[in-house]
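Here are my notes on this one, written as numbered points. Have the model open while you read, and go through them in any order you like.

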Amino acid sequence: MTLNDALDRTVARRPNAPAIVHVQSGAEETLTYAALRHLVLRAAAAFRSVGVGKGESVVIVHRNDPAFVVAYLGLSRIGAVAVPINFMISKPSELAYMFGHCKAKAVVTQREFLKGVLAAQAD
């Protein structure tokens with residue numbers, strides 16, 4: 001059973017149960033299993049629409065938050081390989097090495113890490 005199988009089964013049994021509770025700056029965000037699955041399906045479709053396919057690597061340079069989980073599960077759902085990279089790594093040369101080593105097809109990141117990711121792309 002995959003994580004996506006487990007998500008689908010849980011949605012069938014308890015769609016409104018909390019799947020993720022995220023607290024940031026004192027604000028709490030709760031995603032139900034049904035809402036999480038909906039976002040994962042949308043992410044999977046978005047990855048497919050930009051040409052990410054089964055077996056291809058996509059790097060995730062992201063803080064630990066619900067968007068990370070959605071990207072990871074969305075990639076997994078289409079059979080792509082999610083490659084999480086510690087967001088604290090910001091040297092373009094180090095990022096470029098990692099991107100090249102895993103043969104990254106794409107990168108999922110946050111605005112605050114975009115400068116380093118774009119500089120790595122240039123390398």
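**Notes on the model**

1. Let me start with a loop residue. Ser25 sits in the loop between β1 (18-24) and β2 (27-32). Its phi is near 55 degrees, which is a positive value in a residue other than glycine. Is Ser25 buried or exposed? With a relative accessible area of 79%, Ser25 is exposed. Bear in mind throughout that this is a predicted model.

2. Lys103 also deserves a look. Here too phi is near 55 degrees, again positive in a residue other than glycine. As for accessibility, Lys103 comes out at 70% and counts as exposed.

3. Now the overall layout. The protein has five helices and five strands, and along the sequence they come in the pattern α-β-β-α-β-α-β-α-β-α. Along the principal axes, the C-alpha atoms fill a box of roughly 50 × 35 × 20 Å. Of the contacts with a separation of 6 or more, 65% are between residues 24 or more positions apart.

4. On surface and burial: what share of the 123 residues is buried? The figure is 35%. The protein exposes about 7500 Å², and carbon and sulfur atoms supply 54% of that area. On the charge side, there are 14 positive and 9 negative side chains. The centres of those two sets lie 6 Å apart.

5. Helix α1 (residues 3-13) has buried residues Asn4, Leu7, Thr10 and Val11. Why do they belong to the same side of α1? They cover an arc of only 125 degrees around the axis, and that puts them on the same side of the helix. The general rule behind such patterns is that an α-helix has 3.6 residues a turn, so residues three or four places apart point the same way. The face of α1 turned away from the buried side carries the exposed residues Ala12 and Arg13. As for partners, the buried residues of α1 pack against α2 (33-49) and α3 (66-77).

6. A closer look at one of these residues: Thr10 is found in α1. Thr10 counts as buried because its relative accessible area is 16%, and the cut-off for buried is under 20%. Which residues does Thr10 contact, leaving aside neighbours within four places in sequence? They are Pro15 and Tyr33.

7. α4 can be read in a similar way. Its buried residues are Leu95, Ala96 and Phe99. They cover an arc of only 100 degrees around the axis, which puts them on the same side of α4. Tyr97 and His101 are exposed on the other side. What covers the buried residues of α4? The cover includes β3, β4 (81-85), β5 and α5.

8. The largest nonpolar core has 21 residues, and Leu36, Phe47, Val52, Ile60 and Leu75 touch the most other members. The elements giving two or more residues to this core are α1, α2, β3 (57-61) and α3. Apart from this core lies another, of eleven residues, among them Val59, Ile85, Phe99 and Ala120. Phe99 has come up already, as one of the buried residues of α4.

9. Not counting residues up to four places away in sequence, Phe47 touches Val52, Ala71, Gly74, Leu75, Ile78 and Val108. Val52 and Leu75 are, like Phe47, among the residues that touch the most other members of the largest core.

10. Last point: Glu112. You will find Glu112 in the loop between β5 (104-109) and α5 (114-122). At 49% relative accessibility, Glu112 counts as partly exposed, since exposed requires over 50%. How far apart are Glu112 and His62 in sequence and in space? They are 50 residues apart in sequence and 9.2 Å apart in space, C-alpha to C-alpha.

Terms used
Residues are numbered from 1 along each chain as its sequence is written. This is a predicted model: local features need pLDDT of at least 70, side-chain atom pairs count only at pLDDT 80 or more; totals for chains, interfaces and linings use all residues. Side-chain values use heavy atoms; hydrogens and water are left out. Buried means under 20% relative accessible area, exposed over 50%, partly exposed in between (1.4 Å probe, protein chains only). Helices (H or I, at least four residues) and strands (E, at least two) are DSSP runs, numbered from the N terminus. The arc is that of the directions from the helix axis to the C-beta atoms. Contact means heavy atoms within 4.5 Å. Accessible areas come from the Shrake-Rupley method with a 1.4 Å probe; for residues, only the protein chains shown count as cover. Lys and Arg count as positive and Asp and Glu as negative; His and the chain ends are not counted. The place of a charge is taken as NZ of Lys, CZ of Arg, CG of Asp or CD of Glu. A nonpolar core is a set of buried Ala, Val, Leu, Ile, Met, Phe, Trp, Tyr and Cys residues joined through side-chain atoms within 4.5 Å.
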